[in-house]
Amino acid sequence: MTDPKKRRAAAVVFVTAPDLKTARRLARTALDLRLVACANLIPRIESLYWWKDKIESSTEVLIVFKTTRAKLSALEKCIVGKHPYDTPEFVVLPIAAGFKRYLDWIRGSVDPEL
């Protein structure tokens, strides 16, 4: 069984989207399902990347989700299932430390029964 403290631990998830409309839809869906406490949308990032053996570039929107480890699997399934890209970015960074009230807010927002 997973340590309950670890499952409540907070994480940041990066997802890119092709445009603001898509980013808003993904963010709203994750929020409606209580998979995340917050989604920051950072428009007009320039992305350079390898795709099909050549370097591509595009303007994208970066979504920064705040959630808990317990919600990561469901969030990934949601994003991958609703994302227009064949291979959407879904990168998780654990939050090692932070302001306690903020971290408590994240946990309470995704799991109000905690």
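Helices (H or I, at least four residues) and strands (E, at least two) are DSSP runs, numbered from the N terminus. The model is predicted: local features need pLDDT of at least 70, side-chain atom pairs count only at pLDDT 80 or more, and totals for chains, interfaces and linings use all residues. Residues are numbered from 1 along each chain as its sequence is written, and side-chain values use heavy atoms, with hydrogens and water left out.

**Exercise 1.** State which strand holds V92, and whether V92 is buried, partly exposed or exposed.

Solution. Step one: V92 lies in strand β4, residues 91-94. Step two: buried means under 20% relative accessible area, exposed over 50%, and partly exposed in between (1.4 Å probe, protein chains only). Step three: the relative accessible area of V92 is 32%, so V92 is partly exposed.

**Exercise 2.** List the residues that V92 touches, not counting residues up to four places away in sequence.

Solution. Step one: contact means heavy atoms within 4.5 Å. Step two: by this rule V92 touches A11, V12, V13 and L72.

**Exercise 3.** Find the buried residues of helix α3 and determine how they are placed around the axis.

Solution. Step one: in α3 (residues 72-82), L72, L75, C78 and I79 are buried. Step two: these residues cover an arc of only 130° around the axis, which puts them on the same side of α3. The arc is that of the directions from the helix axis to the C-beta atoms. Step three: an α-helix has 3.6 residues a turn, so residues three or four places apart point the same way. Step four: S73, K77 and G81 are exposed on the face of α3 turned away from its buried side. Step five: the buried residues of α3 pack against β1 (10-17), α2 (20-32), β3 (54-68) and β4.

**Exercise 4.** Carry out the analysis of buried and exposed residues for helix α4.

Solution. Step one: α4 spans residues 100-110, and its buried residues are L103, I106, R107, S109 and V110. Step two: they cover an arc of only 165° around the axis, which puts them on the same side of α4. Step three: K100 and R101 are exposed on the other side of α4.

**Exercise 5.** Describe the order of elements and the overall dimensions of the chain.

Solution. Step one: the chain has four helices and four strands, in the order α-β-α-β-β-α-β-α along the sequence. Step two: its C-alpha atoms fill a box of roughly 45 × 25 × 25 Å along the principal axes. Step three: buried residues make up 35% of the 114 residues.
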